[in-house]
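Please look at the sequence and the model together.

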Amino acid sequence: MLQNIDRILEEIRQFQADSREEVEQFRIKYLGKKGVLADLFKEFRQVPAEEKKEFGQKINRLKQFISERIEEMLDHVSREYEESAMVDLTLPGPPLQLGTRHPISIIRNQIIEIFARLGFTISEGPEIEDDWHVFTALNFPPEHPAKDMQDTFFIEKDPDILLRTQTSSVQVRVMERQPPPIRTISPGRVFRNEAISARAHCIFHQVEGLYIDENVSFADLMQTLLYFAREIFGEQIETRLRPSYFPFTEPSAEMDISCQICGGKGCNVCKYTGWLEILGCGMVDPNVLEFTGIDPEKYGGYAFGMGIERVAMLKYQVRDLRLYFENDIRFLKQFQSAY
Ligand code: 2NL
């Protein structure tokens, strides 16, 4: 009987648990209701009276020892767990997600850079404008349909305060403020009251250009725009001008570039014409010069305007405008730039 206890003691001394579950199994085996200790207590009842003292002390010491072992083993397994979860502070951290430039910003910066190289300054102005700077000074007749509520966002009920529909309002401010020569571009947000679709949005971005001096010719305009097209789309690009109409220029034209998808042969993107429209331009109407305090007898100039989304569509072949406004990281991440 006593030898039996010594054997159990040895067994317990040898045992090592490697997990919390094993410690629990150990506890149940020795201290559980049907465990080893419970059996010993049962046997204890049959022990003759004169041996009871020694036997009792032995069982109590055994019980004590089992409890100590359980504490020890729990301590051991929890330390092992902590060590396995310990962080190596010398390891490099997880990589930071770097943001990327928005495609509209990339194209805008490229356009700015090209014209800056040609000596154009950058001018900015308010997005909330008045009728004069957006329409009247640009030679829009009072009843022009662009001023319709359907096309322009007016602020409250005042027909004089509105969101600019093109950035030429900025250039009107430059012409009022600064005598020629003027050579400036105005990039910025513009607003039109349109239903949002793949091809139209109520907010978009423009770059307009203006050059006013003595002896500025239509040939200067053509050469500048050809240079621009080659810089932004590549040397292989062809351009053509088609006659057009704007209230603020005379003569007016629209410039097309040769379709990059089919190389001018004709495809469904260029609707089998081989050409894609990119911008509007013309010689500044003498009325506009007059309105802004510049002598039309002495000075003349050219102007042009383009939609940045339109240039981005042609360059990246992303033809749903809405993608430029939804800020879906998966879309935005695809554009790389040096700017
Ligand atoms: C288009 C057409 C154009 C202009 C913008 C302009 C500015 C002044 C005077 C005269 Cl201050 N013109 N800007 C000229 C011709 C066309 O834009 O379709 N843009 C997307």
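The points below cover helix pairs, the core and some backbone details.

This is a predicted model, in which local features need pLDDT of at least 70 and side-chain atom pairs count only at pLDDT 80 or more, while totals for chains, interfaces and linings use all residues. Residues are numbered from 1 along each chain as its sequence is written, and side-chain values use heavy atoms, with hydrogens and water left out. Helices (H or I, at least four residues) and strands (E, at least two) are DSSP runs, numbered from the N terminus.

**Helix 5 and helix 8**

- Helix 5 (residues 103–117) packs against helix 8 (residues 218–233) with axes 10 Å apart and an angle of about 135°; axes are lines fitted to C-alpha atoms, for helices over the stretch in contact, and angles run from 0 to 180 degrees between N-to-C directions.
- That angle makes helix 5 oblique to helix 8; angles under 35 degrees count as roughly parallel, over 145 as roughly antiparallel, 65 to 115 as roughly perpendicular and the rest as oblique.
- The two helices, helix 5 and helix 8, have a right-handed crossing (right-handed if the near helix is turned clockwise from the far one by less than a right angle, left-handed if anticlockwise).
- On the helix 5 side, Gln 110, Ile 111, Ile 114, Phe 115 and Arg 117 meet Thr 224, Tyr 227, Phe 228, Glu 231 and Ile 232 of helix 8, contact meaning heavy atoms within 4.5 Å.
- By class, six nonpolar, two polar and two charged residues form the contact of helix 5 with helix 8; Ala, Val, Leu, Ile, Met, Phe, Trp, Tyr, Cys and Pro count as nonpolar, Asp, Glu, Lys and Arg as charged, and the others, Gly among them, as polar.

**Nonpolar core**

- The largest nonpolar core has 46 residues, and Ile 111, Phe 228, Ile 278, Phe 304 and Met 306 have the most contacts inside it; such a core is a set of buried Ala, Val, Leu, Ile, Met, Phe, Trp, Tyr and Cys residues joined through side-chain atoms within 4.5 Å.
- Elements giving two or more residues to this core include strand 5 (203–213), strand 8 (275–284), strand 9 (300–307) and helix 10 (308–316).
- Helix 5 gives the most to this core, seven residues.
- Neighbours within four places in sequence aside, Phe 228 contacts Ile 111, Ile 114, Phe 115, Ile 278, Leu 279 and Met 306.

**Helices packed on helix 4**

- Helix 2 (residues 20–31) and helix 4 (residues 52–85) pack at about 170°, with axes 9 Å apart.
- Helix 2 is therefore roughly antiparallel to helix 4.
- The axes of helix 3 (residues 36–46) and helix 4 come within 11 Å and cross at roughly 170°, so helix 3 and helix 4 are roughly antiparallel to each other.

**Backbone details**

- Pro 180 and Pro 181 are joined by a cis peptide bond with omega of about 5°, and Pro 181 lies in the loop between helix 7 (168–177) and strand 4 (182–191).
- Lys 271, not a glycine, has a positive phi of about 50°.
- Lys 271 is exposed, at 61% relative accessible area (buried is under 20%, exposed over 50%, partly exposed in between, with a 1.4 Å probe and protein chains only).
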